[in-house]
Amino acid sequence: MDDVVFYIVPLVVKPIPMLFRKFYRCERCSNEWADVWSAKCDDDCSRCGARHMSPYKSEDADDGEAADHVS
Ligand SMILES: [Zn+2]
């Protein structure tokens, strides 16, 4: 008769979606900004309007600093 091994699964599941803080640098005017998204996302430069800037860096934003993009 085999021993039954019970795995204790942590029931602490965060209801918050994974957030990432994206760091952008405009290739046109060198404006830098950061934004928080729940997914990979390009952004537009707020200074010169250059479109679809890709983030050069991203990090977890799971520090309670809520994003205004996520309700
Ligand atoms: Zn720009």
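Mentor: Let's start with the rule: two strands count as paired if DSSP finds at least two bridges between them. Keep in mind that we're looking at a predicted model.

Trainee: Okay, what makes E1 and E2 a pair?

Mentor: Strand E1, residues 20-25, is joined to E2 by six bridges. The cut-off is at least two, so E1 and E2 pair. The two strands run antiparallel.

Trainee: Which residues face each other there?

Mentor: Tyr24 has Trp33 in E2 as its bridge partner, and Lys22 stands opposite Asp35 in E2. Between the two strands of this hairpin sit six residues, and Ser30 takes a positive phi near 65°.

Trainee: Why are E2 and E3 called edge strands?

Mentor: Look at the order first: the open sheet reads E2-E1-E3, with antiparallel pairing. Strand E2 (32-37) and strand E3 (57-60) each have a single partner strand, so one side of each is left without a neighbour in the sheet. On average, neighbouring strands are turned by 20° against each other, direction ignored.

Trainee: Now Phe23 in strand E1. Why is Phe23 called partly exposed, rather than buried or exposed?

Mentor: Phe23 has 13 C-beta neighbours inside 10 Å. Buried needs 20 or more, and exposed means 12 or fewer. The count of 13 falls in between, so Phe23 is partly exposed. As for the protein chain, buried residues make up 6% of its 71 residues.

Trainee: What is Phe23 in contact with, leaving aside neighbours within four places in sequence?

Mentor: Its list is Ala34, Pro55, Tyr56, Lys57 and Ser58. The test is C-beta atoms within 7 Å, so each of those five passes it with Phe23.

Trainee: How many contacts in the protein chain join residues at least 24 apart?

Mentor: Among contacts between residues at least 6 apart in sequence, 42% do.

Trainee: And what do side chains do along a regular strand?

Mentor: In general, they alternate between the two faces of the sheet.

Conventions. Residues are numbered from 1 along each chain as its sequence is written. This is a predicted model: local features need pLDDT of at least 70, side-chain atom pairs count only at pLDDT 80 or more; totals for chains, interfaces and linings use all residues. Helices (H or I, at least four residues) and strands (E, at least two) are DSSP runs, numbered from the N terminus. Axes are lines fitted to C-alpha atoms, for helices over the stretch in contact, and angles run from 0 to 180 degrees between N-to-C directions. Two residues are in contact if their C-beta atoms, placed from the backbone, lie within 7 Å.
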